[in-house]
Amino acid sequence: MKLLFLGLGMQEILVIAILVLLLFGGKKIPELMKGLGKGVKSFKEGLNGVEEDNKQDKTEK
């Protein structure tokens, strides 16, 4: 059997997806994914800001 993600097979991923659907319901999942996407975007922007600050510090010295 082929491993898909982090050593999980298709059956394990399917069970996890069903559990998430049961816990949160079909209407809440898009809202959760939207919030997750905003969080990832904010995190990446924060990392880019730190990298730019480091570059400016190096050029000033």
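Okay, which residues form a nonpolar patch on the surface here? They are Ile 16, Val 20, Leu 23, Phe 24, Leu 32, Met 33, Leu 36 and Val 40, with about 740 Å² of accessible area together. The elements giving two or more residues to that patch are α1 (10–24) and α2 (28–60). For the patch rule, residues need over 30% relative accessible area and no salt bridge; nonpolar side chains (Val, Leu, Ile, Met, Phe, Trp, Tyr) are joined within 5 Å, like charges within 9 Å. Areas are Shrake-Rupley with a 1.4 Å probe, and for residues only the protein chains shown count as cover.

Quick caveats: this is a predicted model, where local features need pLDDT of at least 70 and side-chain atom pairs count only at pLDDT 80 or more, while totals for chains, interfaces and linings use all residues. Residues are numbered from 1 along each chain as its sequence is written, and side-chain values use heavy atoms, with hydrogens and water left out.

So, the overall picture. We've got two helices and zero strands; those are DSSP runs numbered from the N terminus, H or I of at least four residues for helices, E of at least two for strands. The radius of gyration is 19 Å, whereas a compact globule of 61 residues would be near 10 Å. That's taken over C-alpha atoms, and the globule rule is 2.2 Å times the number of residues to the power 0.38. The C-alpha trace spans about 55 × 35 × 10 Å along its principal axes.

How much is buried? Buried residues are 2% of the 61, with buried meaning under 20% relative accessible area, exposed over 50%, and partly exposed in between (1.4 Å probe, protein chains only). The protein exposes about 5900 Å², and carbon and sulfur atoms supply 66% of that.

Now charges. There are 10 positive and 8 negative side chains, counting Lys and Arg against Asp and Glu, without His or the chain ends. We get one salt bridge, defined as a Lys or Arg side-chain nitrogen within 4 Å of an Asp or Glu carboxyl oxygen. The partners are Glu 31 and Lys 28, at 3.7 Å, N to O. Both lie in α2, three residues apart, about one turn of the helix. Glu 31 is exposed at 51%, while Lys 28 is partly exposed at 46%.

Terms used. Charge placed at Lys NZ, Arg CZ, Asp CG, Glu CD.
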